[in-house]
Amino acid sequence: MDSLVQNFSTSNFPYPILRACAELPYSVAFRELPDGFIKIVIKIIQKINLKSPFSEIYASRQTLANEAGKSLDSVNRAIQWLEARELIARERKARAGLRGSSSPLIPTLPLLFALGLVDKEGKPITWSGMSGRAKPERKDSNHADQQPVKKSVFTKVGTVFIPADLKFLVDQGLSAFAVLGLMKLAKKASQQLTDIAATTQKYLLKLQGNQLYAYFKTLIQSGRDFSAKNDESDQVELLKKEKAYLNEKAEIYEGRAFFSRKTGKLYRVEQGVIREETAGITRVSPFSRSFLDAIENGILQSQQ
């Protein structure tokens, strides 16, 4: 093991990378990795950009072979091993000004999570220093006591990975990209979408598609801390507050009309509901948070 990390000083590599390389042989995700591939994989790990861990790695196969002291054929087989287990992805694309195409290596969520560089939602894990520990805590005093990384932590939908416990959102009509978008919104609010989903799942099962997306946005913007599971009374209280908020806004906008420049539709707030008028046909819908968002974002313009 010492020969694998003999030059891994923090002056050459950031501490999280150093730690990931040192723990590689003990990681459950790499339990079946042939010994001959270890140095190659370490060289790939060293090239991960911690500021943007999902960014592409453009190191040539020959460069990896030279740095690892392995043959080009060994490098290709190591990359195939990683790709077959969805630890990296490859996307062939043309590069401007160059002949032919390139095939950069793209670190995947399962790889970065197994290395302890991101959490299961893809959020980078911060380290306080050389002896600091990230949350959730990882045991390092005895590698044999470490909990194995569950293969079911992530699931692949189309071309993207999402947490397995959010797969039910896709089953209820959200695209995997919409789930990623909600995860990003939750992260900006210092929340995790998995926490929100776990706390409110009982109320989500009856929602589909756009309704589900709008409800999640409401929860994310509520300012509530979902890191700890809340009981049913807390959830009911949140729904009551949301209803009271919408009723208050409906009273403020009572009698006002708004139009969409894009669609030409006219919307009028009357008696707490929204009346949509198009070509002489009127449809009624509840006053909602999405209607307020459309006004705030300039999608709907006030009719003077």
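Is Arg289 buried or exposed? Arg289 is buried in this predicted model, because its relative accessible area is 16%, under the 20% cut-off. Here is a short tour of that arginine, the nonpolar cores and the salt bridges.

**Arg289 and its surroundings**
- Arg289 belongs to helix H11, which covers residues 289-296.
- Leaving aside residues up to four places away in sequence, Arg289 is in contact with Thr218, Gln221, Glu242, Tyr245 and Leu246.

**Nonpolar cores**
- The largest nonpolar core comprises 37 residues, and Leu24, Phe30, Ile44, Ile45, Ile48, Leu82 and Leu115 have the most contacts inside it.
- At least two residues of this core come from each of helices H1 (15-23), H2 (38-45), H3 (61-68), H4 (72-84) and H5 (109-114).
- The biggest contribution to this core is from H2, with 6 residues.
- Ile44 touches Ile57, Leu64, Ile79, Leu82 and Leu105, again not counting residues up to four places away in sequence.

**Salt bridges**
- The structure has 9 salt bridges.
- In helix H4, Arg77 and Asp73 sit 4 residues apart, about one turn of the helix, and their side chains form a salt bridge at 3.0 Å, N to O.
- Both partners are partly exposed, Arg77 at 39% relative accessibility and Asp73 at 46%.
- Glu270 pairs with Arg268 in a salt bridge, with 3.8 Å between the closest N and O atoms; Glu270 is partly exposed at 28%, as is Arg268 at 23%.
- Arg283 and Glu276 form a salt bridge at 3.3 Å, N to O, and Glu276 is buried at 12% relative accessibility.

Key. Residues numbered from 1 in each chain as written. Predicted model: local features only at pLDDT ≥ 70, side-chain atom pairs only at ≥ 80, totals over all residues. Heavy atoms only, no water. Buried < 20%, exposed > 50% of the residue type's maximum accessible area, 1.4 Å probe, protein only. Contact = heavy atoms within 4.5 Å. Core = buried A, V, L, I, M, F, W, Y, C linked by side-chain atoms within 4.5 Å. Salt bridge = Lys/Arg side-chain N within 4 Å of Asp/Glu carboxyl O.
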